[in-house]
Amino acid sequence: MHINIAVLGGDGIGPEVVTQSIKCLRSVEETFGHSFTFKKAIIGAEAIEKNGNPLPDETLKICKDSDAVLFGAIGSPKYDGNPRAKIWPEQGLLRLRKELGLFANIRPVKVFPTLVRQSPLAKRIVKNTDLVIYRELSGGIYYGEKTNNEDDLVATDICTYTEKEISRITHLAFKAAKARRKKLTLVDKANVLATSRLWRRIVFEIGKSYPEVALEALFIDNAAVQMILNPTQFDVILTDNMFGDILSDQGSVIAGSIGLLPSASVGAEHAMFEPIHGSYPDAKDKNIANPVASILSVAMLLQHFKLNEESDAVVAAVLKSFSKKIVTPDIMGSSKYGTNYVGDFIADNIMEIDDHFNMNDENIGLGKSTII
Ligand code: IPM
Ligand code: MN
């Protein structure tokens with residue numbers, strides 16, 4: 001298969017983790033006989049410096065012309081510290097999501113058995129966690145009208161949702177639940193917000209056409225508590241843009257490191273794959289960033305194109321790195337392995353499932369599609 005991939009490394013550790021993902025895709029190409037092309041483009045702080053625009057037209061065009069976008073990270077301390085700035089890096093990502101019509105952000109939170117002790121939460125709580133968050137990505141308070149009054153002492157962010165925006169992601173979430181453990185939890189704040197009350201009405205109405213899926217609703221404050229107390233109760237979580245942003249970062253604590261969680265953002269015509277972590281500027285170019293979240297995003301990319309065996313091979317190589325303790329220091333403080341070494345190890349161990357058996361390599365959870 002031929003896949004045209006736009007590569008947007010972005011800010012901070014973004015470019016270095018994406019470099020490891022490209023190595024893995026090269027390895028998939030070679031092992032399974034595909035052809036991938038990569039076209040790099042700038043976004044975020046670098047694009048503001050060079051272009052005055054966090055999403056230059058040329059970058060947008062490259063993304064629109066691609067089959068998939070591989071995204072690194074965005075955000076820079078230079079702008080975070082200046083709330084009066086008129087232009088800042090994150091605007092580039094937000095506009096890109098909107099322009100590409102990426103309305104569903106899929107964020108799996110899975111505790112890998114070899115890493116169960118990494119979480120600061122008790123092993124008995126996090127063990128066997130396997131949930132996926134369906135976060136609405138192109139509406140809500142992120143995109144509503146924003147105002148500042150003249151003396152700059154009052155500001156507003158409007159939160160708007162339409163029936164269409166809610167129903168298209170709701171159908172995706174129900175379909176995912178149907179193929180998994182058949183439970184869907186809507187997370188909202190319907191005791192306060194008009195938008196949440198609209199979500200409830202629409203989701204419960206759509207739920208009638210998925211009778212095999214058990215549907216429940218939780219308020220966001222309670223959901224935040226439940227997720228830490230008993231994460232295994234969740235299968236698919238469906239929520240809006242803002243709540244999904246917060247809940248998915250919280251999910252990374254369950255998994256043991258924010259450096260582990262991938263995501264896929266999909267729409268009717270485009271798809272983008274990115275770690276859930278931020279740009280971690282303190283780690284930039286220190287060769288300590290964990291490339292796994294980006295590499296698992298590659299596994300999601302392959303699955304998106306129905307290359308399931310290839311996706312499983314990437315996950316198997318990641319699991320092998322865990323079992324051999326070839327991990328970055330966020331996973332094991334004493335580790336001497338850096339971003340590059342871990343990336344090389346995973347790329348070198350991407351092989352056909354049969355070859356794994358021939359190598360008698362501890363049966364790394366083979367054949368199971370492990371991340372989605
Ligand atoms: C994420 C990030 C972004 C978001 C930021 C960088 C705009 O936190 O992808 O979760 O809030 O969506
Ligand atoms: Mn976030």
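Domain bounds come from an automatic or database domain assignment. In this predicted model, that assignment gives domain 1 (1-102 + 264-372) and domain 2 (120-255). The C-alpha centres of the two domains lie 24 Å apart. Ligand 1 sits in the largest pocket, and both domains supply residues to the shell around ligand 1.

**The two domains**
- Domain 1 is made of two stretches, 1-102 and 264-372.
- Domain 2 is one stretch, 120-255.
- The domains touch: nine residues of domain 1 are in contact with eleven residues of domain 2.

**The shell around ligand 1**
- The residues around ligand 1 are I74, E90, R97, R107, R135, Y142 and D245.
- Domain 1 and domain 2 each give at least three residues to the shell.

**Polar contacts with ligand 1**
- R97 has a polar side-chain atom 2.7 Å from an oxygen atom of ligand 1.
- For R135, a polar side-chain atom lies 2.8 Å from a ligand 1 oxygen atom.
- Y142 places a polar side-chain atom 2.6 Å from an oxygen atom of ligand 1.

**Cover**
- On its own, ligand 1 has 320 Å² of accessible area.
- The protein covers 80% of that area.

Note on methods. Residues are numbered from 1 along each chain as its sequence is written. Chains are lettered from A and ligands numbered from 1 in the order in which they are written. This is a predicted model: local features need pLDDT of at least 70, side-chain atom pairs count only at pLDDT 80 or more; totals for chains, interfaces and linings use all residues. Side-chain values use heavy atoms; hydrogens and water are left out. A residue is near a molecule or strand if one of its heavy atoms lies within 4 Å of it. A polar contact is a pair of N or O atoms within 3.5 Å; within protein, one must be able to donate a hydrogen and the other to accept it, and residues adjacent in sequence count only if both atoms are side-chain atoms. Accessible areas come from the Shrake-Rupley method with a 1.4 Å probe; for residues, only the protein chains shown count as cover. On a 1 Å grid over the protein atoms alone, a cavity is a set of points where a 1.4 Å probe fits but cannot get out, and a pocket is an open set with protein on both sides within 12 Å along at least five of seven lines; lining residues have an atom within 4 Å of a point. A molecule sits in a cavity or pocket if more than half of its atoms lie within 2 Å of its grid points. Contact means heavy atoms within 4.5 Å.
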